[in-house]
Amino acid sequence: MDGKILRHHIKTRTPMPAWAQDYPELYMGLEFFFGAFFDLTRERSVGMGPGPIPYLAIHRYAQIHGLGDEDLEEFIYLLCAMDAEYLTYHREESERKMKK
């Protein structure tokens, strides 16, 4: 789990969100990608719902963290795939709530 989230809920003595309670264990080395996704999710525009993480924000994050050309391509691919899953989940949850 992202340490920032855990520290926040310990500090504020608030319950962990449901999505974080069943947190998946990551394979070694994937923590960077997962942390990057949470860092970059703040870059999305929000209108009727969340928009995708901007490509330039992903690219800038990779540059700041010193990823080379080979790693950059994989990083962008994985972050975009994670973002697409997040947006699909968010859209489906919104539709489910509207049906109630």
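Close-up 1. Glu95 is partly exposed, with a relative accessibility of 41%; partly exposed lies between buried (under 20% relative accessible area) and exposed (over 50%), using a 1.4 Å probe and protein chains only. The side chain of Glu95 forms a salt bridge with that of Arg91 (3.6 Å, N to O), a term for a side-chain nitrogen of Lys or Arg within 4 Å of a carboxyl oxygen of Asp or Glu. Both residues belong to helix α5, four residues apart, about one turn of the helix. Helices are DSSP runs (H or I, at least four residues), numbered from the N terminus. The model is predicted: local features need pLDDT of at least 70, side-chain atom pairs count only at pLDDT 80 or more, and totals for chains, interfaces and linings use all residues. Residues are numbered from 1 along each chain as its sequence is written, and side-chain values use heavy atoms, with hydrogens and water left out.

**Close-up 2. The salt bridge between Asp83 and Arg44.** The two side chains meet at 2.6 Å, N to O. This pair links distant parts of the chain, as Asp83 lies in helix α5 and Arg44 in the loop between α3 and α4, 39 residues apart. Asp83 is buried, with a relative accessible area of 4%, and Arg44 is buried at 10%.

**Close-up 3. The salt bridge between Arg60 and Glu43.** Their side chains meet at 3.7 Å, N to O. Arg60 lies in helix α4 (residues 55-64) and Glu43 in the loop between α3 (31-40) and α4, so the pair ties together parts 17 residues apart in sequence. Arg60 is partly exposed at 42% relative accessible area, as is Glu43 at 39%.

Technical notes. Helix = DSSP H or I, 4+ residues; strand = E, 2+ residues; numbered from the N terminus.
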